[in-house]
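This briefing covers strand pairing, the nonpolar cores and aromatic contacts. Please consult the sequence and the structure below alongside the text.

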Amino acid sequence: MAGDLTSQAGELLLSAHRTGVGVEPDMPAPQSRADAYGIQDHVLRQLGSAIAWKIGRAANDPEPYIAPIPKLGIVRPDGRCVLPPGAAQLGVEAELGMRLGKEITPEMATLGRAECLALFSHVVPLLEILHTRLAGANAAAPLWKLADFQASGGVVLGAPIAWTGQDLASVQVMVNGEAREARHPFGDPLELLHWAVRHLARRGGAPTGTVLTTGSYTGITQVGAGGRFEAEFSRFGEVRTQVISPGH
């Protein structure tokens, strides 16, 4: 994707981040993940550093993907989430993130799995808030979605607990008081973290304290104005949010 198109796409998405109003691109779509990551980087440079990164993998695709979650967004400092203009609800996912105890540096692009995992110091219960900045058919187009931070609207972080090698593949979690036995959607989240560390090293690194999250244990729950969502992991603590209307 030519540099001017990357900048145009980035500026369009940046306007949607700042106004909360969805946009429908009238330019060529990204042609590769590299294009989408270039657009991500353009937007992130304007919004500031990422508080977290989300990692996932599409069905039947061995290559993971990654997207930043900037501190600025629809999540308030008190953990409540504000509905963007025109939105009736937000998607909420309960996840477990891993917090970096050491920074990722560009020299780590070929680091082995054990060395990558040694960079993490804490497990963090969290809620990812989903909201696209895209309108129309582009909201579901995979590479536009990836350019748009994989539809992440922000993250609510719970209290971290020390990482001692706990099993993250299978967890017990209470969602709004309902007990669930849940498995990680990608089986082994640690392999995704290994990939992510090396990827972020190639993109310049990530500072100590950044959280990497690898997918929902509970699927997506749609929450409207006034609604609450609470997740309590039996071994990892709890996290909650409330969705509120603008102006509250």
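Which residue in E13 does Cys81 stand opposite? Cys81 stands opposite Val243 in E13. The model is predicted, so local features need pLDDT of at least 70 and side-chain atom pairs count only at pLDDT 80 or more, whereas totals for chains, interfaces and linings use all residues. Residues are numbered from 1 along each chain as its sequence is written, and side-chain values use heavy atoms, with hydrogens and water left out.

**Sheet and strand pairing**

- Five strands make up an open sheet with mixed pairing, in the order E3-E13-E12-E8-E9; strands (E, at least two residues) and helices (H or I, at least four) are DSSP runs, numbered from the N terminus.
- Strand E3 (81–82) and E9 each have a single partner strand and stand at the edges, so one side of each is left without a neighbour in the sheet.
- The pairing of E3 with strand E13 (residues 237–244) is parallel, over two bridges; two strands pair if DSSP finds at least two bridges between them.
- Strand E8 (residues 170–175) pairs with strand E9 (residues 178–183) in the antiparallel sense over six bridges, and Val171 has Ala182 in E9 as its bridge partner.
- A hairpin is formed by E8 and E9, with two residues between them; in the turn, Asn176 has a positive phi of about 50°.

**Nonpolar cores**

- The largest nonpolar core has 68 residues, of which Ile104, Leu127, Ile129, Leu168, Leu212 and Phe233 touch the most other members.
- Helix H5 (residues 189–202) gives the most to this core, with eight residues.
- Apart from this core lies another, of six residues, including Ala52, Ile69, Val124 and Val155.
- Such a core is a set of buried Ala, Val, Leu, Ile, Met, Phe, Trp, Tyr and Cys residues joined through side-chain atoms within 4.5 Å.
- Leaving aside neighbours within four places in sequence, Leu127 is in contact (heavy atoms within 4.5 Å) with residues including Val92, Val156, Phe229 and Val239.

**Aromatic pair**

- The count comes to one aromatic pair: Tyr217 and Phe233, edge-to-face, at 6.0 Å centre to centre and 75° between the planes.
- Rings of Phe, Tyr and Trp (its six-membered ring) pair if their centres lie within 6.5 Å; planes under 30 degrees apart count as stacked, over 60 as edge-to-face and the rest as tilted.
- Tyr217 lies in the loop between strand E10 (211–216) and strand E11 (221–224), and Phe233 in strand E12 (residues 228–233), so the pair ties together parts that are 16 residues apart in sequence.
- Tyr217 counts as buried at 7% relative accessibility, and Phe233 counts as buried at 2%; buried means under 20% relative accessible area, exposed over 50% and partly exposed in between (1.4 Å probe, protein chains only).
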